[in-house]
2 protein chains.
Amino acid sequence: VRRGFLQAGNLDQERLIDCIEKGDFEACKRELAATEAIDIARVLQDLPAEQAAVAFRLLPKDLAVQVFDRLDSVQQQQLLEGLTNEGIRVLLEAMPPDERVDLFDEVPAVVARRLLKLLSPEQRKITDSILGYREGTAGRQMTPAFVDLHEEMTVAQALERTRRLAVDRETIYTAYVIDNERHLQGTVSLKDLVLAQPNARVADIMKTTPKSVFTNTDQEEVVRFLRDYDLLAAPVVDRENRLVGIITWDDAAEIAEKEATEDIYRLGAVSAPEEGYFGARVVDVVRRRLVWLFLLIMVNTVTGYIIAGQSALLGEMLILAAFIPLLIDTAGNIGAQTATVVIRGLATAEISLPQMLTIVLREARVGLLAGTLLGAGVLGWAFLMSRKWAVAMIVSVTLIAVATVATVVGATLPFLFRRMKIDPALLSAPLLTTVMDIFGVALYFLVARLVLRI
Amino acid sequence: VRRGFLQAGNLDQERLIDCIEKGDFEACKRELAATEAIDIARVLQDLPAEQAAVAFRLLPKDLAVQVFDRLDSVQQQQLLEGLTNEGIRVLLEAMPPDERVDLFDEVPAVVARRLLKLLSPEQRKITDSILGYREGTAGRQMTPAFVDLHEEMTVAQALERTRRLAVDRETIYTAYVIDNERHLQGTVSLKDLVLAQPNARVADIMKTTPKSVFTNTDQEEVVRFLRDYDLLAAPVVDRENRLVGIITWDDAAEIAEKEATEDIYRLGAVSAPEEGYFGARVVDVVRRRLVWLFLLIMVNTVTGYIIAGQSALLGEMLILAAFIPLLIDTAGNIGAQTATVVIRGLATAEISLPQMLTIVLREARVGLLAGTLLGAGVLGWAFLMSRKWAVAMIVSVTLIAVATVATVVGATLPFLFRRMKIDPALLSAPLLTTVMDIFGVALYFLVARLVLRI
């Protein structure tokens, strides 16, 4: 039996489906109010669109916002189609500004414009200002719904203000102390407020010189910032150090997961999809992958021409062809291993640009050692298959050479990509394999000609 | 100019290095107290071991614990060697139990035993009990340092207890309501306590039916649990639903990053290292990668024998050899693309086991369509290179066939791995490439014989 939290979730879901199917709305409302947003979202995903819309309308406003946030963009759009303009307006107004911007980013531009018109002037202004920042930056991910305090307030006043603002703030666990020009002066945790004497001043208990990110800081850096400084939320300031928003840890966790998926997709030579896996049509999937496949085939042309150019040698010694896959695969694999480690190291900031030479040299040693061991291991097998010591020698020596070249190439390219400001994760295993093919066959025939003295 | 949070950090670091080098300990202490733990850790990493130990001893206890947690395991061990037994004891006692267990996991067993002996009986008991849970489970990651309340307490009493416990609890933002047998009854956020009337009862404001994870829940599931239910910490209960610990979001974020690195390494056919990149010796790196490389070469033997078996055909039409890399690479690449998407989908729980058939069929359609387009695209190029329409036909038809087979294999294998309880991420691009080679050359020669009627 599978133990874990999913068990409880499933029970709630069954009861909920049950009452929706029976059409017992009062029972539904009770069930919905007692069910977690994520579990409701999962039920809605499995329901036919109409039933999902019915169930969604039964939700109290706050819960509706939470459930909506947990649906994927395709389902969000389906749901919106099932709501009246007034229903949409109420939902949009109640959504946290950052989630609303996420939605606007994902729906078609024409829908986004229509939705924007439904907003109150105040909320539209907030949304417009966030949409003004470039995608992938802190400004685009932040929410202006934070608790702001002034340093001359007493702790009692600060707690009173926190209580008053609590309802619609993203977090109240960290409050931000600003001056009259909204410059960030310090931070106070709710913990510190609760522990302090009521008549103490905010200035006395606040943490000064608070760390912050800029509106144009890359969203990946924000994730590292929160982790490194162990904060619940990152304050976002503009060029003049004025506090304009915060990014909470749960939004950062979402960014981190998206970025990891993007990296993994790129390493697999798949363009990252805007929607989830099921959101994409087959033709779109093909289009996204085909670009890479054609590119790789173009690179492969070089390999093909090298082999075609060696037909005299191959004609003399056909058995050489049997070792081509082994050599080019091993070259590609070793290159991919090295690149994987270096790319991930660069992504998590474990290694940095200035360390390039150290790492390339280190990897070259790894390649030389691995190649020698592999070459020795393959020698006997190559002899058994070809019945010629010369061929076995050629294969072994080529293995040593390609392993060393592969580690050097695999370690160097990610650094070059980073230096050229291209995401190193675009250096996929397929791309490396294909590039290493060229080195593989070229070295193979070179070694063969040297050994055979042709 | 690079903007962002690193700027501020660098300034602090320079001042700190400056005073350590001058040996001005009073100035150092002032600098250290004003610097964030992560920035101190970065400075210590760059200092010679002795200077690092000197600087570390100047830290106030709480900050020392935070800095220590941010060092990698190699540096942690170096630092411990520079401390007296008493210094180590004070540090270990002050560390949160979950971080202490992390340390014990990473140092050699003999060192761990020595460190364990330095602990007070109380802390040793806590550490022993956490170490009793299997690695990779919630029990191993949790900390018992949470705030526990009883439902008959008033809000004022609850706040008083929270204040008293605050110093050494991992979080006070969520308190856990338990009965006399320590069964988890509900949760109360500090926000709710602050907003409630002082004479209200905890039972009235607590969230009942709290979601929890079990001590043996997989740590990856804990990350999803926190994300799905949007919690600051996950309560961990034993089989009898007794609350034994919590896992806070920052620890979950660390788990998520480690798991993503592990997945990316596996996809690149690299075994995940216990230490960071710089912690490993070259021979260990080689050993970890060689296992995979030898395995892949063994699989490659099959491909080699298939080609060797076709020497009569190849002898007649040598140009066929020139297309082998293109065909086997494309097969491997398409297989890797499909596998990447399916593996990541399984890892993030976007897709699940019962959807296997749907996804394999969907991917087969992607493969057929992509293969047909690639086959059409390559036709002219293959003719130009071989000057034979028959060869061009063979290459095109083989491409269509291998693309379809590759997507089916690439989509099926991750599901089979998951069903056999093997991590699908072990299905690396190199492994898939090598397996697809076999299909690639086999289909190639089959099509060639059919077209050439040999």
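Which residues are linked with Arg42(A) in a network of salt bridges? The network joins Asp39(A), Arg42(A) and Glu257(A) with Lys211(B), Arg227(B) and Asp228(B). The model described here is predicted.

## Salt bridges between the chains

Over all chains, the structure holds 36 salt bridges. Side chains of opposite charge can pair when their charged atoms come close. One such pair is Arg227(A) with Glu257(B), with an N to O distance of 2.6 Å. This pair crosses between chains: Arg227(A) belongs to helix α15 (residues 219–229) of chain A, and Glu257(B) to helix α16 (residues 249–267) of chain B. Arg227(A) has a relative accessible area of 29% and is partly exposed. Glu257(B) is likewise partly exposed, at a relative accessible area of 29%.

A salt bridge also links Arg289(A) to Glu363(B), where the closest N and O atoms are 2.9 Å apart. Here too the pair crosses between chains, from helix α17 (residues 282–309) of chain A, which holds Arg289(A), to helix α20 (residues 356–386) of chain B, which holds Glu363(B). Both Arg289(A) and Glu363(B) are buried.

## A salt bridge within chain B

Asp423(B) and Arg266(B) form a salt bridge in which the closest N and O atoms lie 2.5 Å apart. Asp423(B) sits in the loop between α21 (389–419) and α22 (429–452) of chain B, while Arg266(B) is in helix α16 of chain B, so the bridge ties together parts 157 residues apart in sequence. Asp423(B) is partly exposed, with 24% relative accessibility. Arg266(B) is partly exposed as well, with 22% relative accessibility.

Arg289(B) is a residue of helix α17 (residues 282–309) of chain B. Is Arg289(B) buried or exposed? Its relative accessible area is 5%, and because buried means under 20%, Arg289(B) counts as buried. Setting aside residues up to four places away in sequence, Arg289(B) touches Gln337(A), Thr338(A), Val341(A), Glu363(A) and Val366(A) in chain A, and Val270(B) in chain B.

## The four-stranded sheet of chain B

In chain B, four strands make an open sheet of mixed pairing, in the order β1-β2-β3-β4. The edges are held by β1 (147–149) and β4 (207–208) of chain B; each has a single partner strand, so one side of each lacks a neighbour in the sheet.

Strand β2 (residues 174–178) of chain B is paired with β3(B) in the antiparallel sense over five bridges. Five residues separate the two strands in the hairpin of β2(B) and β3(B), where Arg182(B) has a positive phi near 65°. Strand β3 (residues 184–189) of chain B also runs antiparallel to β4(B), to which two bridges join it. Gly186(B) takes part on both sides of β3(B): it stands opposite Val177(B) and opposite Thr208(B) in β4(B). β3(B) is mostly covered, with five of its six residues buried.

## Strand β6 of chain A

In strand β6 (residues 233–237) of chain A, five of the five residues are buried. In a regular strand the side chains alternate between the two faces of the sheet. In β6(A), Ala233(A), Pro235(A) and Val237(A) point one way, Ala234(A) and Val236(A) point the other way, and all are buried.

β6(A) runs parallel to strand β5 (residues 213–214) of chain A, joined by two bridges. With strand β7 (residues 243–248) of chain A, β6(A) pairs in the antiparallel sense over five bridges. Val236(A) stands opposite Val213(A), and its bridge partner in β7(A) is Gly245(A). The hairpin of β6(A) and β7(A) has five residues between the strands, and Asn241(A) there takes a positive phi near 65°.

## Nonpolar cores and a surface patch

The largest nonpolar core has 114 residues; those touching the most other members are Leu320(A), Phe323(A), Val395(A), Leu320(B), Phe323(B) and Val395(B). A second, separate core has 43 residues, including Leu149(A), Ala166(B), Ala175(B) and Val188(B). Apart from neighbours within four places in sequence, Phe323(B) contacts Trp381(B), Ala382(B), Met385(B), Ser386(B), Val391(B), Val395(B) and Tyr444(B).

Val397(A) lies in helix α21 of chain A and is partly exposed, at a relative accessible area of 33%.

Conventions. Residues are numbered from 1 along each chain as its sequence is written. Chains are lettered from A and ligands numbered from 1 in the order in which they are written. This is a predicted model: local features need pLDDT of at least 70, side-chain atom pairs count only at pLDDT 80 or more; totals for chains, interfaces and linings use all residues. Side-chain values use heavy atoms; hydrogens and water are left out. Buried means under 20% relative accessible area, exposed over 50%, partly exposed in between (1.4 Å probe, protein chains only). Two strands pair if DSSP finds at least two bridges between them. Contact means heavy atoms within 4.5 Å. A nonpolar core is a set of buried Ala, Val, Leu, Ile, Met, Phe, Trp, Tyr and Cys residues joined through side-chain atoms within 4.5 Å. A salt bridge is a side-chain nitrogen of Lys or Arg within 4 Å of a carboxyl oxygen of Asp or Glu.
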